[in-house]
Amino acid sequence: MPRLEVLGLKAYYFTDGGIIRGVDGINFEISDGQSLGIVGESACGKSTLGAALMQSIQPPGRIVEGSITLGDDDITKMSSSEFDSKIRWKRIAMVFQGAMNALDPVYTVESQLREILIQHHFQDKKIDDKITESLQEVGLDVSIAKRYPHELSGGMKQRVVIAMALLLKPDVLIADEPTTALDMLVQSQIISLLKKLQKEKGITIILITHDLALVSQITDRIGIMYAGQLVEFSTTKDIYKNPRHPYTQALIEAIPRLSTKDKKIHFVKGSPPSLLSPPPGCRFQDRCAYAMDVCKRDPPEFETETGYVRCWLYEKSE
């Protein structure tokens, strides 16, 4: 049984200007011991997907269709109180985008960690041990607990936020752009930390990022997201060695490489469509060098050896 299975998930924002289709029919599953990278350009719906998995989409947004199954539980059918008591932070936790600014500046790290444990009915005598354990798990000295956020570096703040997410030992950790605004050295340290947690704690990590090169270091599978949809889903190895969707191919080509003679900077031409009024059919067709008449129809998920791809180029002839 998959640890996490998402079927037909749709999450929309109902605004005065119209319906924004942030997540528009997504399917994937992750087995125990696997981790997943969700990759795509800005405003493609990645963060909305993460929020949907955490049941944290803010009004005017909401899940309108589909299921999210964690083990035996379809969490989309749970009430808010049931999800909060059974799932949130206990089985699924999240490091939100912009996490370095998520810490309250007027409270110490210890106070903010303590508040979470008190809310989940931990006894006082166990709270100090739990805080110490959590900080040590992310490579921080216990003395950090007495400091205020402004006394910490960016990397320290990010580790504190990860420690918060790990307090209740969740099965799944969603990390939304966890290395944004960090220098290359600290980025490497955070990725190494996530890899260590995955290996030692058995945590399934969903890494949401625009950086395709970054996810290769930690994930087993990758979902390529474009305009609210997953256009390709496969193993990390297959995505890099045999990218099928033209968008995936363009993203791979845009990764800078120091080892090649080609010093030209490649990029994906054009701009993504608006999620308020996406075009009919394949949403990548206006930027695709292989666009055909059939692309005016929405492509289904064509099965591959290791996943699926949403592209008419892979329609099997009868």
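Gly155, Gln158, Arg159, Ile162 and Leu166 in helix α5 meet Val186, Gln189, Ile190, Leu193, Leu194 and Leu197 in helix α6, where a contact means heavy atoms within 4.5 Å. Sorted by type, the residues of this contact come out as seven nonpolar, three polar and one charged. Here Ala, Val, Leu, Ile, Met, Phe, Trp, Tyr, Cys and Pro count as nonpolar, Asp, Glu, Lys and Arg as charged, and the others, Gly among them, as polar. The model is predicted, so local features need pLDDT of at least 70 and side-chain atom pairs count only at pLDDT 80 or more, while totals for chains, interfaces and linings use all residues. Residues are numbered from 1 along each chain as its sequence is written, and side-chain values use heavy atoms, with hydrogens and water left out.

Helices (H or I, at least four residues) and strands (E, at least two) are DSSP runs, numbered from the N terminus. Helix α5 covers residues 154-166 and α6 residues 184-201; they pack at about 20 degrees with their axes 10 Å apart. Axes are lines fitted to C-alpha atoms, for helices over the stretch in contact, and angles run from 0 to 180 degrees between N-to-C directions. The two helices are therefore roughly parallel to each other (angles under 35 degrees count as roughly parallel, over 145 as roughly antiparallel, 65 to 115 as roughly perpendicular and the rest as oblique). Their crossing is right-handed, meaning that the near helix is turned clockwise from the far one by less than a right angle.

Next come the sheets. One is open, with eight strands in the order β6-β7-β8-β3-β9-β10-β12-β11 and mixed pairing; two strands pair if DSSP finds at least two bridges between them. At its edges stand β6 (92-95) and β11 (302-303), each with a single partner strand, so one side of each has no neighbour in the sheet. Helix α5 turns up again here: it packs on the sheet, touching β6 and β7 (172-176), and its direction makes about 170 degrees with that of β6. Elsewhere in this sheet, β3 (residues 36-39) and β8 (residues 204-209) pair in the parallel sense over four bridges, with Leu36 opposite Ile206 in β8.

Another open sheet has four strands, ordered β2-β1-β4-β5, with antiparallel pairing. Eight bridges join β1 (residues 4-15) to β4 (residues 61-70), and Tyr12 stands opposite Arg62 in β4.
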